[in-house]
Amino acid sequence: MTNIRAKFTKCNDLKYISHLDLMRLFQRAFRRADIPLKYSEGFNPQPKMAFATALSLGVSSDGEYMDIELEDNIDIKEFVDRTNSVLPDGIKIVKASDKDTKESIMALIRWSEYIVEVSLIEKIDKETIDNEINKFMKMEEIIVVKEKKKGYKVVRKEDNVRDRIRKLIILDYEDNTIIFKMMLKTGSNGNLKPEVVIDKLDELTKIKIDKENIKIHRLDLFIEKEDHIVTPI
């Protein structure tokens, strides 16, 4: 039996397929590539596959991860080549290795790094933008209000998400368009989406953003290992 951890892309038009459809896509691809998936036991056997974390619809990525259990041993390069030969354009396995830990990829993920492109609805100079970002990152509290139904009541809960923003920098500013790079908390120990950061920037700073015109691309996912932040492979 072989346990494989694979890194793959999700780009082009396939950024619009759901997480469930992505799982089905890989199941079909593995069957077509004659990859010997291991299945669970019981009345409704399921392939033993686990994905790191789901992407929002419309978000592209160069760094998604999955764990796969196989019935038989297979050379890693052969696994990658055979699978890629049947995958559609936009989905591609870019790296794979033997899984060297018992923990699932879902449990390990701690951070995501994104490129986020936004358009401004009010013109503003670069110096002001830099100052506003610096002030934003020095805030001790960035409060997000969540609403949850309890019976007939709606309960509002305040959540301070400041510690879930590890990095927020400007890569480029031209023609009233800002390109950000941000590293945000991801996974079971806390999760923050780029859209929320953009909402709070618009609310708490002088940077006024057209929230109907946002492009998000995930660069990679990260785990914490011996006080370092590294990729899972």
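Colleague: How many residues of domain 1 are in contact with how many residues of domain 2?

Modeller: 18 residues of domain 1 are in contact with 11 residues of domain 2, where contact means heavy atoms within 4.5 Å. This is a predicted model, in which local features need pLDDT of at least 70, side-chain atom pairs count only at pLDDT 80 or more, and totals for chains, interfaces and linings use all residues. Residues are numbered from 1 along each chain as its sequence is written, and side-chain values use heavy atoms, with hydrogens and water left out.

Colleague: What are the bounds of domain 1 and domain 2?

Modeller: Domain 1 covers 2-107 and domain 2 covers 109-230; such bounds come from an automatic or database domain assignment. Their centres, taken over C-alpha atoms, are separated by 28 Å.

Colleague: Why are β8 and β9 called paired strands?

Modeller: Two strands pair if DSSP finds at least two bridges between them. Strand β8 (residues 165-174) and strand β9 (residues 177-185) have eight bridges in the antiparallel sense, so they meet the definition. Strands here are DSSP runs (E, at least two residues), numbered from the N terminus, as are helices (H or I, at least four). Methionine 183 in β9 is the bridge partner of lysine 167. The hairpin of β8 and β9 has two residues between the strands, and aspartate 175 takes a positive phi near 55°.

Colleague: What makes a space a cavity and not a pocket?

Modeller: On a 1 Å grid over the protein atoms alone, a cavity is a set of points where a 1.4 Å probe fits but cannot get out; a pocket is an open set with protein on both sides within 12 Å along at least five of seven lines. Lining residues have an atom within 4 Å of a point. One cavity of 30 Å³ or more is found in the whole structure. The largest cavity has a volume of about 60 Å³, and its lining includes Phe8, His19 and Tyr65.

Colleague: Which residues lie nearest the centre of the largest pocket?

Modeller: Arg5, Thr101, Leu108, Ile223 and Lys225 do, among 16 lining residues. The largest pocket holds about 280 Å³ of space, a volume being the space filled by probe spheres set on grid points joined across faces, edges and corners. Domain 1 and domain 2 each give at least three residues to the lining of the largest pocket, and β10 supplies the largest share, three residues.
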